[in-house]
Each structure stands twice: as C-alpha cells, then as structure tokens.
Amino acid sequence: MKAIVIRTYGGPEGLAVVDLPAPVPAAGQVLIATEAVGVGGVDTVLRSGALAAHGFKEGQIPGSEVAGTVTAVGDGVDASWTGRRVWAFTGTGGGYVEQAIASVEEILPLPANLSVADAVTLGGSGVVAHFGLRHAHFAPGEAVLVRGAAGSIGIMAVQLAARGGAAAVAVTTSSAERGERLRRLGATHVLDRSGGGGEQAPAGYDVIIDVVAGQDLPSFFDRLHPNGRMVAVGAVAGRPPADFGTKIMTAFQKSMSFAAFSAATVTGADRQAVRAEQFAAAGRGEIATVVHEVLPLDAAELAHRKMDAGEVFGRIVLTP
C-alpha cells in the first residue's frame, strides 16, 4: 500500500511516499480502506522534529484521523463492522496511508449525510473545541476570544461559543478576508494577530481559547477580565516563554487563571458521545465544516507547505 513517512525531520521535503505491506488488524482492531485523511497542525509539529525528545522518531507515518470503510476486523471485534463507513482516530500517527489500523474503541459510524472529508475536518477539532470551552468553564453571556481562529479547532470554537450564548466572540486572524469568513461562522469582532484592531471589540474577555501559544501568549493575559480564564488547546507557534506565568502573578488581584487542555484527558466514551452529536449536527447543517482543499495522498508535502505558510483556512484533506 502507499503511505507517507517522515523520512527526515525538518521541512515538508522530509516527507516521502513509500510502499509498505498492507497491515493486518490485531485483536481489538479494524482495518479501514482510507477515503479521507485529515491534515492537522500536530502533523506539521511532528514532522518538524519538535517532539523528537518525547519518543517520536524519523520513519513514522503522520496523521491521526481518517475516514473510510472497514474491510477487516481483528479477533474480538464484531464482524458487523465490516463494510461500514467510519471515522477513526489512529493515535499519534499512522493516518497518511491507503489502509489504516485503528482500535475498535476509536471508530465511529458516519451518518449517511456526512462526507468523509467533513468527518476528518470535524472529528478531532470539534471535540477539542467542545471540551476546551468546558475546561474554561464557559457560560452563556460571557465574552470569548479565540486566538488563532482560522484553523479547524478555532473555527469550531467560534461556532460552539456562538451557539452557547456568548455575549461576544472575538477572533484573531491574519486577514480581513478570513475575518469576514469567521463572522459568517459566528464571530462578532475581528482582531489582528496581536489582538489589536476591532474598534468596537470588548475591552476584556472572560474566556480566551488559545490555539497558538508561542512567545506572544503572555500579552493576552492583559485582555482577561478579573476571574478570566485562558485555556491553551494547541501550540502551533511553539511553546510560550519560560516565565509566561509572571504576568498572572503580577496581576494577582485579578484572579486570572491559565490551563492547558488535551482531549487525551477526556474518557473515550465522552469523546465519542460528543463526536456523535457533532456529526449529527453537521449532517443537519447546524455546524459548518470548512474544508480548505482536497489533495491526493502523495501531495502530502504540498499540504504541509501550505500549512507552514499559513495559507490554510479550515483543514486540508488528503485522499488516497
């Protein structure tokens, strides 16, 4: 089968197309004929080598979510899964392939009215946005800022905050055109990447959902209301400065808080329940999935170049 591997860490040119033997599902696993693969920000971080110190190695297959049809099952798996269209989480890698392996606990049937491209655009990002807002204790009537709103997680956070009754949903993004697209998805105020602009924007926010992190993260503490909460759900710009918490301590009387959030801390049953609800809502047109572009699997290098250049609004989908 055709697969994409990280031959060498660094830029997108380190990705390579290879031929590998077709995998065989072990006990508790299924084999999926892949029809769509989601390209996520974590894939580019992994490819860069930034996570090499955490046990990742060159030669790994990137990609964490796919959609397609189950073609075989391992021991202990109900044979009725065979032939069903599913979304699947493949783990920290293994998704950029023509045939993917996933645990049966990490697959979900697709509604008939949801495309495979929409599924891999929503499946991971919607859960992160949902539980990220919950982690921030977001409540109706509060003002929310989504930092880095043009990616799939940010787009979902904007929609969920608006649907949840936020008094305001501000976004940071790189262009007026993107800002207008985010307004159509529920944003009420558009700021530049530094948080400037937006003359009518709130002076402060109760909740900040941060997909970006990086060196500028501490400056956004200045935008939190007293008792405000910032939750980092991603780090596409890298880690914040080592002393980023100093800002919170110097504004001690504001009782601000900061937290990181990973969906890995949510039970599988809870993730799947929310994901099923969101798939159904997307199928009914209540949640918008934004597919930036569909490319062939062997164009993974191009997809990563577009990601690195900041060209992507929503999610790129690869198709074998």
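The buried residues of helix 4 pack against helix 3 (152-163), strand 9 (168-172) and strand 10 (189-191). Contact here means heavy atoms within 4.5 Å, and buried means under 20% relative accessible area, exposed over 50%, and partly exposed in between (1.4 Å probe, protein chains only). Helices (H or I, at least four residues) and strands (E, at least two) are DSSP runs, numbered from the N terminus.

This is a predicted model, in which local features need pLDDT of at least 70 and side-chain atom pairs count only at pLDDT 80 or more, while totals for chains, interfaces and linings use all residues. Residues are numbered from 1 along each chain as its sequence is written, and side-chain values use heavy atoms, with hydrogens and water left out.

Helix 4 spans residues 176-184, and its buried residues are Arg178, Gly179 and Leu182. They lie on the same side of helix 4 because they cover an arc of only 105° around the axis, the arc being that of the directions from the helix axis to the C-beta atoms. Ala176 and Arg184 are exposed, on the face turned away from that buried side. After helix 4 comes Gly186, with a positive phi near 130°.

Thr34 belongs to strand 3 (residues 29-39). Thr34 is buried, with a relative accessible area of 8%. Leaving out residues up to four places away in sequence, Thr34 touches Val66, Ala67, Val97, Glu98, Gln99, Ala100 and Pro320.

| From | To | Distance |
|---|---|---|
| Thr34 side chain | Val97 backbone oxygen | 3.3 Å |
| Thr34 C-alpha | Val294 C-alpha | 14 Å |

Thr34 and Val294 are 260 residues apart along the chain.

Key: A polar contact is a pair of N or O atoms within 3.5 Å; within protein, one must be able to donate a hydrogen and the other to accept it, and residues adjacent in sequence count only if both atoms are side-chain atoms.
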